[in-house]
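I opened the notebook to go through this model one topic at a time, starting with charged side chains and ending with the backbone. The entries follow in the order in which I looked things up.

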Amino acid sequence: MHPENLIWINMALPLLALLWINLAGRHPNLREAGTIVVSSVLFAANCVLAGDVFSGGRPQWTLGEMLPGFEIAFEVEPLGMLFALVASGLWILTTLYAIGYMRGHHEKHQTRFYSCFAIAIFAALAAAFSGNLFTLFIAYEVMTISTYPLVTHHGNEEARNGGRVYLGILLSTSVGLFMFGIAWTWSLAGTLDFRPGGILSEPYQEGLISDAQLGVLLGLFAFGIGKAALMPFHRWLPAAMVAPTPVSALLHAVAVVKVGVFSVLKVVVFIFGIDLLDSTGASEWLCYAAGTTILLASLVAITKDNLKARLAYSTISQLAYITLGAALVTPDSVIGGGMHIAMHAVGKITLFFCAGAIYVATHKKDISQMRGLGRTMPFTFAAFLIASVSIIGLPPGGGSWSKWLLAVGTAENHLYWLTAALMVSSLLNIAYLVPIPIRAFMAPLDEGESQSEVQPGIREAPLLCVVPLCITALGSVALFFVAEWIYEILLPITTGS
């Protein structure tokens, strides 16, 4: 099949799943079986498309022109292809997990849940394959709107409050800052197309924009893309933790936040161009902003006893690593940021899967209540430990390679305080992640629970919860061994090819 056709087929498949889910809504087994089949076909189709893209192809497809110069157009390059593989691959596992979680917890409105999830995957693919800023912006907003019902899924006051914060911050930043940045870019370059090497070099050489103005324009994108959760526009992310755990997995690994940091990388590489930002120093301030977010979010994470809240602030910190990689504008740092999209996605989705499995099996949300649980939930807490190793950046976790490349980028820019910040952040990662499985395996049971009240043996969550988290935990290790391959496929985005 021609690669251009695969673009629209891949984006049509989540919409096909949406149709199937609603037609089979009254038959849960049929509804969820169809979702699994379509998501598996989607991942296979993306693998076929990746074969062309990673060998040098750049397939394109244009849906149409909305206004003169504003096309909905798609072009697949290696960074977008990697993101699409991550999103479509994890959709399969998240669907399996959601079946176990939603049924095990007797959640209502499951058809609506799976429908919104399918739309979010569609938006993620549209963003990954976007050929210009206009298309990316539309996909970004579809992602925001489609995930709002997921955040407010429970329908109680807490969910509604969380949804208001979620929608308020993401829409206000995108309309107030992101859109303004797009308009300014159009006025300077006369195009919004993503091009190797960027589109702003010529306007800069013509004196249409100064060094300081470049920095301001970059700020409009960095803060306007609120899904990147750069402080101070980060509160939407912990507020969204009121959602069911499969939604948290979607937010933190599969789609939402990854659309944010992917967009930041895409703008830096294909709108500004790393050579322009490097020569002008216009992105140096963003290095400091990202470094500050990395450390502050890690410090806040340590203070949280609620497991999902701790993981939420961990995500804010980890996303800032990717923004830092973009801001350092060296080939190694940009590739490290791109690699961290995949490394963090697999590691963090494992941690959220574990949090949900613990809640389904024990109804416990707080870390202080999880003493001794590792002896009854060994697979869940072992997976948590493995994923933590990757998030921390230690071998054999895949995150060790992406963090190494980011550290190399700080050294190449002689920003040694940022090198130190990365090291301190990894130590903080250890402080807020490793004690959780250690207490679960090594500490005695909570004082309020006598041994006679705890049935001996393994009492894990439903199998469909446990199997996906074990697969993603092993995936965190597998990424350690394929890091060189990921490096090679991302290398063309830094060479302008």
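**Salt bridges**

How many salt bridges does the count come to? I worked on a predicted model, and in it the count comes to four salt bridges.

I turned to K266 and E77, whose side chains meet in a salt bridge with 2.6 Å from N to O. This pair links distant parts of the chain, since K266 sits in helix α11 (residues 256-272) and E77 in the loop between β2 (70-75) and α3 (78-104), 189 residues apart. Are the two partners buried or exposed? I noted that K266 is buried, with a relative accessible area of 1%, and that E77 is buried as well, with a relative accessible area of 7%.

I then looked up helix α6 (residues 157-189), in which E157 and R160 both lie, three residues apart, or about one turn of the helix. Their side chains meet in a salt bridge at 2.9 Å, N to O. E157 also forms a salt bridge with R164, where the closest N and O atoms are 3.6 Å apart. Through these shared partners, E157, R160 and R164 are joined into one network. For the cover of these residues I wrote down that E157 is partly exposed, with a relative accessible area of 44%, that R160 counts as partly exposed at 37% relative accessibility, and that R164 counts as partly exposed at 48%.

**Cysteines and helix α20**

How many disulfides does the structure hold? I found that the structure holds zero disulfides. A disulfide is a covalent bond between the sulfur atoms of two cysteines, so I checked the distance for one cysteine in particular. The sulfur of C465 is 11 Å from the closest cysteine sulfur, which belongs to C354, and this is too far for a bond, given that the cut-off for a disulfide is 2.5 Å. C465 counts as buried, because its relative accessibility is 0% and the limit for buried is under 20%. I also looked up C116, which counts as buried at 10% relative accessibility.

C465 is one of the buried residues of α20, a list that also includes V466, P468, L469, T472, A473, S476, L479 and F480. I tested the length of this helix too: at 1.5 Å a residue, the 19 residues of α20 (residues 463-481) should span 27 Å, and the end C-alpha atoms are 28 Å apart, which agrees.

**A nonpolar patch**

Which residues form a nonpolar patch on the surface? I listed L16, L19 and L23, which together have about 320 Å² of accessible area. L16 is found in helix α1 (residues 3-23), and at 45% relative accessibility L16 counts as partly exposed.

I went on to strand β1 (residues 60-67), which is hardly covered, as the count of buried residues among its eight residues is zero. β1 and β2 run antiparallel and are joined by six bridges, with E65 standing opposite E71 in β2. The two strands form a hairpin with two residues between them, and G69 in the turn has a positive phi of about 90°.

**Backbone exceptions**

Most residues other than glycine have a negative phi, and most peptide bonds are trans, so I set apart the places that depart from this.

The peptide bond from M231 to P232 is cis, with omega near 15°, and P232 is found in the loop between α8 (211-224) and α9 (236-239). In that loop I also noted A229, whose phi is near 60°, a positive value in a residue other than glycine. A229 is buried, with a relative accessible area of 0%.

The peptide bond from P395 to P396 is cis, with omega near 0°, and P396 is found in the loop between α16 (378-392) and α17 (399-412).

V329 is found in the loop between α14 (307-328) and α15 (331-362) and is buried, with a relative accessible area of 6%.

Terms used
Residues are numbered from 1 along each chain as its sequence is written. This is a predicted model: local features need pLDDT of at least 70, side-chain atom pairs count only at pLDDT 80 or more; totals for chains, interfaces and linings use all residues. Side-chain values use heavy atoms; hydrogens and water are left out. Buried means under 20% relative accessible area, exposed over 50%, partly exposed in between (1.4 Å probe, protein chains only). Helices (H or I, at least four residues) and strands (E, at least two) are DSSP runs, numbered from the N terminus. The expected span of a helix is 1.5 Å times one less than its number of residues. Patches are made of residues with over 30% relative accessible area and no salt bridge: like charges are joined within 9 Å, nonpolar side chains (Val, Leu, Ile, Met, Phe, Trp, Tyr) within 5 Å. Accessible areas come from the Shrake-Rupley method with a 1.4 Å probe; for residues, only the protein chains shown count as cover. Two strands pair if DSSP finds at least two bridges between them.
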